[in-house]
Amino acid sequence: MNTFKIGGVHPEPNKLSAGKKIETLALPNQAVFPLSQHIGAPAVPCVQKGDQVLVGTRIADAGGFMSSPIHSSVSGKVSKIDSVVDASGFRKPAIFIDVDGDEWEPDIDRTDTLALLCTLSREEILDRIRNAGVVGMGGACFPTHVKLSPPKDCKIDVLIVNAVECEPYLTSDHMLMLEHSDEIIVGVRILLKVLGIDRAVIGIEENKADAIQLMQSKTSMVSGIEIMPLKMKYPQGGEKQLIEAVTGRQVPPPPALPANVGCVVQNVGTVFAVYEAVQKKKPLIERIVTVTGKSVKNPCNLKVRLGTPVSQLIEYAGGMPEDTGKLISGGPMMGRPLLDDKAPVVKGTSGILMIPEADAVRCAERNCIRCAKCVQACPMGLEPYLLATASEAGDWATAEENWIMSCIECGCCQSTCPSRRPLLDWVRLAKNRVGGIIRARNAKK
Amino acid sequence: MAQKLFITTSPHVHCGDTIERNMRTVIWALVPAFIASVIVFGAGALIVTATSVASCLFFEWFITRFLLKRPSTLSDGSAIITGILLAFNLPSNIPLYMIVMGALVAIGIGKMVFGGLGNNPFNPALVGRVFLLISFPARMTSWPVPHQMVAYADAVTGATPLNLIGQIAGGNTAAADQLPGLKDLFLGNIGGCLGEVSALALLIGLVILLWRKVITWHIPVTILATVTVFTGIMWLINPVLYVNPLYHLCAGGLMLGAVFMATDYVTSPMTAKGMVWYGIGIGFLTVIIRYFGSYPEGMSFAILIMNAVVPLINNWCKPKRFGEAAK
């Protein structure tokens, strides 16, 4: 069975909500839409305070090519354009909508019938994807239409669908595959048409045997779509690791892209969103969110309208446990901590995780004992101990020489360190500084 | 929402590994060799080990408490390991005051002057041993013969296999008749330092370390392989002067050094490639000293010399970066 070659760790899977059917969460009273839900320029509001909107009404336009529009997930009245603290921990501008019903834009197809045929041209499909505000649903939120428009000099030969879900606890992609396999396959075929290629590989880790089996039976008659079971190892869902696991190709260090080795990677949730955008004219207004945690009463997978406050999801899962010490948007390895439960669900919210206080507190750091476990764990072949020491000393040159910009911030190093050193904190700091130095150097040229 | 939340960057989970867990496993892995040493040397083994561990603990406590004025680091377990390893590198009839001096040098000069665990360039136990070897060469190179269960200072000493190997290589081929059989050598039914006699017990320790993922195979395997290849070539060239490589593997401190001393986290390289070069260097130097040096055993010097080269190895041997080949 395939997997990536360098490093990697095996955190406890803790897939508490695996097998729990996707339930639909009730509408919120007020929905909040931050304008930066994606990588790139923030969206620009195209509604004003007091405007009436429907479900699917565009409320903010893309702020450039590398950006994405935002649509209302509820019907109601724009109450204000203000700011909200999102998962980044910063206050970000956002549109607030008071909900007064569930009226949808009339051209959205709300039926469940499977729309198999797609007669649109490549450009029309891309337009629909862009206009629907589809971005990478795995957490990075890279605008999908940008990824589907690779540089002209790169010859793409394979589409890789990321259904790995290697983050512990999260099960939203798993359940999506179990309940919407047909839609996902149509989505894959649409993407193949856009890219003008005829080969797609869906990578799934072996712990999701039911999903592997179902997808295999659904694709056995479809030519060009292969299901590839992968050995369990974190961070297999990392774009570069997945490309290596599936094709054996290694993406060169930044600024190279997956397209440079002929691959385009899309998350399985994104593929589903593409299906809905193209075949049902439905913009990205809802997503599957796993609500989970060791002490959570009812870990579940919820279909949630974007903009719903996190508190409503937690309530549905049985309330926030007494012992909660950390509230995380995403998984435990790469997720971001939330300041409180008022933050809204956004396009990249794959999970809401509540960690007990005992596990939330970091242990005191000790001397590095040079055990080399971080070097063995790093999936990018870096030396985290060295990068962290260089960062502590402000030695940006050493950090750059030792490939710091290749770091994917997966957290393997820090999660294995027996001395409990905050390795990734230091590496992030140095990466930030070195990135600035490189940009300044390139600007001078 | 009543709960107060912690805000930290990712990752938010840890595999649970600690310094203490690693050190505890090393101590467990040393137990078979300790049992073997008690079987072979009796009371002497107990006295030397107890004195060494107690002195190492005392000096670490004394130095952190009164000289560095820092919180105690006794609980990390590294001083216990240094104590055991120092004892394992001593003859079982060595006077107590020498052990105490060795412990002071090991902990004080070997480790604490550099800032404690994690900062020392040389293996502390070996610093202590080599200090004693140079200061008291006569006491450090006469070893009791096995099975004198209650003897300590009055134990009868005799030639060890390594002495004999050295004599043979020096031209005294008659010494070959006194060499013990390979089985005795493998089980530990021979004279020597406490912990080094039983290759079998040390190999059990190696299996424990590998199984609990405390170390990787790179260092011990490359050392043993290098020694086998080097002494094998010499043996093929002249089997009268140079003994069978199996004798080299089981005799002296080679096995103890390869499994427990060279694999010390702090003083060994950080990458797999570096570990391989380090192992080759130790194996090569050990054999050179065994054949041509004035001391019968070369393991401790070989490890200390390679310890000094580790920073260079870390500079030269980088891991294979992701995407490097494609660059």
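This is a predicted model: local features need pLDDT of at least 70, side-chain atom pairs count only at pLDDT 80 or more; totals for chains, interfaces and linings use all residues.
Visitor: What radius of gyration does chain B have?
Guide: The radius is taken over C-alpha atoms, and the globule rule is 2.2 Å times the number of residues to the power 0.38. For 327 residues, a compact globule would come out near 20 Å, and that agrees with the value for chain B, 21 Å.

Visitor: How much of chain B is buried?
Guide: A residue is buried if 20 or more other C-beta atoms lie within 10 Å of its own, exposed if 12 or fewer, and partly exposed in between, with C-beta atoms placed from the backbone. Chain B has 327 residues, and the buried part of them is 52%.

Visitor: How far apart are the end C-alpha atoms of helix α4 of chain B?
Guide: Helices (H or I, at least four residues) and strands (E, at least two) are DSSP runs, numbered from the N terminus. The expected span of a helix is 1.5 Å times one less than its number of residues. For the 14 residues of α4 in chain B (96-109) that rule gives 20 Å, which agrees with the distance between the end C-alpha atoms, 19 Å.

Visitor: Which helices do the buried residues of α4(B) pack against?
Guide: The buried residues of α4(B) include B:Ile99, B:Gly102, B:Ala103 and B:Ala106. An α-helix has 3.6 residues a turn, so residues three or four places apart point the same way. The packing partners of the buried residues in chain B are α2 (43-67), α3 (78-88) and α5 (124-135).

Visitor: Is B:Lys69 buried or exposed?
Guide: B:Lys69 sits in the loop between α2 and α3 of chain B, and its phi is near 50°, positive though the residue isn't glycine. Because there are 8 other C-beta atoms within 10 Å, B:Lys69 is exposed.

Visitor: What is omega for the cis peptide bond joining A:Pro254 and A:Pro255?
Guide: A:Pro255 lies in the loop between α6 (239-247) and β12 (263-267) of chain A. The cis bond that joins A:Pro254 to A:Pro255 has an omega of about 10°.

Visitor: How many residues does chain A put into its contact with chain B?
Guide: Chain B contributes 34 residues, and they divide into 16 nonpolar, 13 polar and 5 charged. Here Ala, Val, Leu, Ile, Met, Phe, Trp, Tyr, Cys and Pro count as nonpolar, Asp, Glu, Lys and Arg as charged, and the others, Gly among them, as polar. From chain A, the number of residues is 52.

Visitor: How far apart are the centres of domain 2 and domain 3 of chain A?
Guide: Domain bounds come from an automatic or database domain assignment, which in chain A includes domain 2 (122-279) and domain 3 (373-444). These two meet through 7 residues of domain 2 and 7 residues of domain 3. Taken over C-alpha atoms, their centres are separated by 29 Å.

How values were computed
Residues are numbered from 1 along each chain as its sequence is written. Chains are lettered from A and ligands numbered from 1 in the order in which they are written.
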